[in-house]
Each structure stands twice: as structure tokens, then as C-alpha cells.
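Work through the exercises below with the model open. Each task is followed by a stepwise solution.

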Amino acid sequence: MCGIIGYIGDKKTIPILINGLQKLEYRGYDSAGVCISNNGDLKTIKKKGKLQKLVDTIATQDIDGPIGIAHTRWATHGEPNEKNAHPHLDCKGEIAIVHNGIIENYSSLKKLLEKHGHKIESDTDSEIIAHLVEKFYKDDLESAVREALQLVDGAFGLAVIHKNEKKIIAARRGSPLIIGIGKNEMFVASDVPAILEHTKKVIYLNDNEMATISQGGYE
């Protein structure tokens, strides 16, 4: 199984994301990664193997910001390696996603996207979502995610960020996802332990629900 943690707020994001991933290690994984959005830039670090490898790599780099998403992956489509680890980006490096679940029609979606010039870097079904969102993106991440998911068959617990938007879009169908409510900060996670030490106010997304999460709240 895979784990998701996302944060938007006024604290240092990296420690919160790493702590959340540590709380989700019990689910099992073969790779881990983070993506931080800061001042119109996305910084992504991914590592195969134990979470400590990711922690050690992050310690050597200057990476933090007010928004971030992170993931621990258990391989289903594609080998366990850094290329297939989450978060996945679109062609332009402007959109990042973390995804739990299986996209059943990813092969046909991949062919469609490649026909329109998208370059798929990984062997995963998950990366397809980033490119679908890119396809529909017109300065409104919420609308782009909504349109993209209308083409998707299968299960997803999903968190999406764009380098120019101060929000996280979360969506669920068949794979658990929760929103955590804090003071001047918000969380998204695949399971309660990831955010429990930060907040006990939790909303469980229902199937086919989507949420727009900002530092001040959610919709």
C-alpha cells in the first residue's frame, strides 16, 4: 500500500511531510519522495528504498516552502526505482501529483496524451494524471483536476499542486483520503496517523468528492 501526506501553512513543511511519511511506514513501501512549492518553483526529491535515504538526501539540500506533498510507494505499475517514485510531474514541471490506487484505463490515456505531444517519463499509471491535468490547465487548478478525472477509470486518492497556485487539490474515489484542519494550516493524508500529532479535526472525503485546500480552510 502507498501513503500520502500534504501540507499548506506557515510552518516548515519538510519536517511535517517527513514525519507524516514515517507514521505511514507501517503500510509498506519501496520508494519515497517529496515535492515542495515555493515562490513559483517546484522542487522534487525521490529515492528508492528506505525513507531514511530520502531524509539523508534532503539534509544536503536547501529545500522548503509553504506547500508540499509527499508519498511512499509500493510498486504496482513499473519497477521500484526513482523514476517511478512519486511525486510525478507534468511535461513543464509546473504540476505535481501523488496518487494511491490504480488507473484502469491508463494505457489508452497514455496513447492519447503521447499523440498530443506529452512525454511520459515513468512506467507508472499514476503519472498519467499529472499530464491530464496539464492538458486541461488554464490558470485554474481545481477545474483542470475536475476535467482530468472525468476521463479516469479506476481508483484514486489524489493530491495535486501547481507551482503558481497556493492550494492543494485533493480527490478521492475508492482509495481513502482525509483532510486535517489546523490553525493557519491544513493537511491532506491517506490515513489519520500521518497528521494526528498536528490536529484531531479531520474530514473524511467520500467517493467522488474533491476538495480545494488553502492555508485558511477548504471547500
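**Exercise 1.** State how many helices and strands the protein has, and why it counts as compact.

Solution. The protein has 5 helices and 13 strands, where helices (H or I, at least four residues) and strands (E, at least two) are DSSP runs numbered from the N terminus. Next, take the radius of gyration over C-alpha atoms; the globule rule is 2.2 Å times the number of residues to the power 0.38. The radius is 15 Å, close to the 17 Å that the rule gives for 219 residues, so the protein is as compact as a globular protein of that length. Finally, along the principal axes, the C-alpha atoms fill a box of roughly 45 × 35 × 30 Å.

The model is predicted: local features need pLDDT of at least 70, side-chain atom pairs count only at pLDDT 80 or more, and totals for chains, interfaces and linings use all residues. Residues are numbered from 1 along each chain as its sequence is written, and side-chain values use heavy atoms, with hydrogens and water left out.

**Exercise 2.** Find what share of the residues is buried, and what share of the contacts joins residues at least 24 apart.

Solution. Buried means under 20% relative accessible area (1.4 Å probe, protein chains only). Such residues make up 53% of the 219. For contacts (heavy atoms within 4.5 Å), consider residues at least 6 apart in sequence: 65% join residues at least 24 apart.

**Exercise 3.** Locate Asp125 and decide whether it is buried or exposed.

Solution. Asp125 lies in the loop between helix H3 (106–115) and helix H4 (127–136). Its relative accessibility is 2%, so Asp125 counts as buried. Lys110 is 15 residues from Asp125 in sequence, and their C-alpha atoms are 8.5 Å apart.

Notes:
Buried means under 20% relative accessible area, exposed over 50%, partly exposed in between (1.4 Å probe, protein chains only).
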